[in-house]
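Subject: Structure handover

Hello,

Here is the structure I promised to pass on. Please open it first; my notes on what turned up follow below.

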Amino acid sequence: MLEIRPNCEYCDKDLPANAPDAMICSYECTFCVSCVDNQLHNVCPNCGGGFEKRPIRPQSAHRTGTGLVNSPASTQRRALKYARDQLPAFIRTLSDIPPDER
């Protein structure tokens with residue numbers, strides 16, 4: 001089950017569970033679409049993978065045991081795992097390679 005992290009790991013923007021601009025990689029690293037497009041160029045700075053739009057978990061339980069009411073979003077904020085000055089070189093090595101070929 002997705003952790004639904006509460007913030008962009010790059011700019012620390014709040015990304016609540018219903019945020020339409022939340023992007024995740026396959027490890028659930030979470031960033032806002034602005035940072036993915038303008039800073040990271042679709043390269044996860046933690047794993048090198050690409051990003052997809054994070055799904056929105058329904059607020060209500062439309063089926064028993066589902067929804068945010070039963071599986072709440074995480075409240076643990078995350079930060080970049082690597083220093084910002086290390087990111088440009090890493091991103092340059094991968095940004096021209098499509099995510100499915102990395």
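Met23 has its bridge partner in S3: the residue is Lys53. Strand S1, residues 22-24, pairs with S3 in the antiparallel sense, over two bridges. Please keep in mind that this is a predicted model.

The sheet around that pair is open and has three strands. Their order is S2-S1-S3, with antiparallel pairing. The edge strands are S2 (30-32) and S3 (52-53), and each of them pairs on one side only. Helix H1, residues 33-40, lies across S1 and S2. The angle between H1 and S2 is about 85°.

Now the chain as a whole. Two helices and three strands make up its elements. Read from the N terminus, they run β-β-α-β-α. The C-alpha atoms fill a box of roughly 45 × 25 × 20 Å along the principal axes. Of the 102 residues in the protein chain, 40% are buried. Take the contacts between residues at least 6 apart in sequence: 56% of them join residues at least 24 apart.

Aromatic rings

How many aromatic pairs are there? The count comes to one. The pair is Phe31 with Phe51, and it is edge-to-face because the ring planes stand at 80°, where anything over 60 degrees qualifies. The ring centres are 5.4 Å apart. This pair links distant parts of the chain. Phe31 sits in strand S2, Phe51 in the loop between H1 and S3, and 20 residues separate them. Phe31 is buried, at 0% relative accessible area. Phe51 is buried too, with 5% relative accessibility.

A charged residue also meets a ring. Arg84 lies over the face of Tyr10, 3.9 Å from the ring centre.

Cysteines

The structure holds zero disulfides. Two cysteines show why. For Cys8, the closest cysteine sulfur belongs to Cys11, at 3.7 Å. A disulfide needs the sulfur atoms within 2.5 Å, so that distance is too far for a bond. For Cys47, the closest cysteine sulfur is in Cys44, at 3.8 Å, which is also too far for a bond. Is each of these two buried or partly exposed? Cys8 counts as buried, at 1% relative accessibility. Cys47 is partly exposed, with a relative accessible area of 32%.

Backbone

Most residues other than glycine have a negative phi. Asp12 has phi near 70° and is not a glycine. Asp12 is in the segment before S1. Its relative accessibility is 41%, so Asp12 counts as partly exposed. Asn42, again a residue other than glycine, has phi near 60°. Asn42 belongs to the loop between H1 and S3. At 24% relative accessibility, Asn42 is partly exposed: the buried class takes values under 20%.

Two residues to look at

Which residues does Gln39 contact, leaving aside neighbours within four places in sequence? They are Tyr10, Ser34 and Ile91. Gln39 is part of helix H1. It is partly exposed, at 38% relative accessibility. One of the contacts of Gln39 is Tyr10, and Tyr10 is the residue whose ring has Arg84 over its face.

Ile4 comes next. It lies in the segment before S1. Ile4 is buried, with 4% relative accessible area. Not counting residues up to four places away in sequence, Ile4 touches Ala17, Glu28, Arg54, Pro55, Arg57, Ala73 and Ser74. Gly49 is 45 residues from Ile4 in sequence, and their C-alpha atoms are 18 Å apart.

Best regards

Key:
Residues are numbered from 1 along each chain as its sequence is written. This is a predicted model: local features need pLDDT of at least 70, side-chain atom pairs count only at pLDDT 80 or more; totals for chains, interfaces and linings use all residues. Side-chain values use heavy atoms; hydrogens and water are left out. Two strands pair if DSSP finds at least two bridges between them. Helices (H or I, at least four residues) and strands (E, at least two) are DSSP runs, numbered from the N terminus. Contact means heavy atoms within 4.5 Å. Axes are lines fitted to C-alpha atoms, for helices over the stretch in contact, and angles run from 0 to 180 degrees between N-to-C directions. Rings of Phe, Tyr and Trp (its six-membered ring) pair if their centres lie within 6.5 Å; planes under 30 degrees apart count as stacked, over 60 as edge-to-face and the rest as tilted. Buried means under 20% relative accessible area, exposed over 50%, partly exposed in between (1.4 Å probe, protein chains only). A charge sits over a ring if NZ of Lys or CZ of Arg is within 6 Å of the ring centre and within 35 degrees of the ring normal.
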